[in-house]
Structure formats: structure tokens, C-alpha cells
Amino acid sequence: MYFIANWKMFGGLNSLNSLHKVNKFLKFLKKKSAKIIYCPPSTLIRPMSKKLKKSKIEVGAQNCHEHESYGAFTGSINSIMLKNVGAKYVIIGHSENRQAGETDKLINLKVKSALKSGLKVIFCIGETLKQKRKKRTKQVLNKQIKLGLNKINNHKKILIAYEPVWSIGTGLIPKRNELLQTITSIKSIKRNFKVLYGGSVNPKNINELKSINNIDGFLIGGASQDPNKFIDIIKKTYN
Ligand code: PEP
């Protein structure tokens, strides 16, 4: 099971103190299958990976530029630079970035460049509330997968994170049956790919979510910033 923490644009150097608690908890968690990945803001990747050198927690980034080498792109960071400071993963296609203008084509270039640099990719997809109401979820996800992963079939290096846009940060989660069906449908398009769920995962709803047996893990935003909540989610998943 994957537990991926997306800190979004939160955190300074003092936030790294919270890792101690999670690390300590993991030492006693006798679950080899638990893969914990923290995706902090880029400014914290280096100090975090140094701090976690002896830990089983891995570090990832939240986005990257599509250009495969250095270049005149003020304010941007590419996948080589992320790898260089200790990232092993990168989130690509997060709905907050899609909403800010990232297209499927751009996302596809980013995925390709990240894989080329040796990063694993957490590829996010998800429908908006409007699309869901129009019963277009399947169609939207198919398109995002088809275009975003065009000419890419590296199932061992890519995790798909299904994150309904209407669920992110709202406290809402899909109905059990809907989620089961959607994950099955994603897995039928991309066989052998691991599929995670993300969107308002918290200690209160994890028991319901964990009972959906085709989910391979969770991408956790808000709740991952609090070590107690993050630990609670992992604990409950295995109870
Ligand atoms: C996210 O932004 O990837 C996410 C899952 O956020 P939250 O858990 O806060 O809904």
C-alpha cells in the first residue's frame, strides 16, 4: 500500500520536525508492503531527503518543468534538478495545476522527461463536479490517461492517482460503489498499473476507503501535514 503525502505549498524548515514521529511509528509497523512517500515543496526536498537518509520514507516533488535539460526558464525546475536534490518521485497532472492551465499534451511531455531523468511518476487524473453530474467521468479519465500517458507504458515507474476534483479539500469522497467501479475501469485501460485514490482522505473515512479492495494506496493532502493524522490513516488501513 502506498501512502503519499502531498504538502502542497505548505511548510518551512521547522515542518521537518514532524517527520521524527512518523519515522518512529514506521519502525514499529511490521508491514513491508507500506510505501511512504513525502512530496514537500521543492524548497524542502534536499533537507528532507537528508533527514530521511536512513529512513524507509522516500521523497518526491510536486511538479516539474517539461524541458529535459537546463534552459532559460526563469522560476522553473526540471526533473534532473529534482533528482539531483534527492527526489525519487514527482507528482504530475495534479488538478490544481491542470486548472491553472496545464494541458494533457504538456503533462505528457512532463511525464516523459521525468521518466527519462529516472524519477517515478505519480500521475493524477480526475473529473470535475460538472463532468460527474453529466456522467462523463469515464470519458474524462480515459482521455486524460490516453493523452497524458501517450506512448508511455512503463507500469513499474508510474502510479496513477485518481483524484476527483470535487473531492480535493472538500471533505467529500465518492460513494463506495462508484469508486470501486472507477478504479476497475482505470485498471482495465492501464493493466498492471497501481491505482491510488486521493481526495479528502482522513482518519475518519479511511475505514470505508480501505474496504475498497482494488485501491493500491492513497494520496493525502491536508491530513498529511499533521503527523498524528497521517499515522492514524496508516494505522487504520492495516487494522
Ligand atoms: C491532493 O491535493 O492531492 C489531495 C488529495 O488533497 P486533500 O487530501 O487535502 O483533499
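User: How far from an oxygen atom of the ligand does a polar side-chain atom of Asn6 lie?
Analyst: The model is predicted. Asn6 is among the residues that surround the ligand. Its polar side-chain atom and an oxygen atom of the ligand are separated by 3.3 Å.

User: How much of the ligand's accessible area does the protein cover?
Analyst: On its own, the ligand has 290 Å² of accessible area.

User: How many residues of the shell around the ligand are charged?
Analyst: The shell includes Lys8 and Glu163, and both residue types count as charged. Three shell residues are nonpolar and seven are polar. The number of charged residues is two.

User: How many disulfides are there?
Analyst: A disulfide is counted when two cysteine sulfur atoms lie within 2.5 Å. For Cys64 the closest cysteine sulfur is in Cys39, 12 Å away, which is too far for a bond. For Cys124 the closest is also in Cys39, at 9.1 Å, again too far. The count of disulfides is zero.

User: Is Cys124 buried or exposed?
Analyst: Buried means under 20% relative accessible area. Cys64, at 4%, falls in that class. Cys124 has 2% relative accessibility, so Cys124 counts as buried.

Conventions: Residues numbered from 1 in each chain as written. Predicted model: local features only at pLDDT ≥ 70, side-chain atom pairs only at ≥ 80, totals over all residues. Heavy atoms only, no water. Near = heavy atom within 4 Å. Polar contact = N/O pair within 3.5 Å; in protein donor to acceptor, adjacent residues only side chain to side chain. Areas by Shrake-Rupley, 256 points an atom, 1.4 Å probe, with all protein chains shown as cover. Buried < 20%, exposed > 50% of the residue type's maximum accessible area, 1.4 Å probe, protein only.
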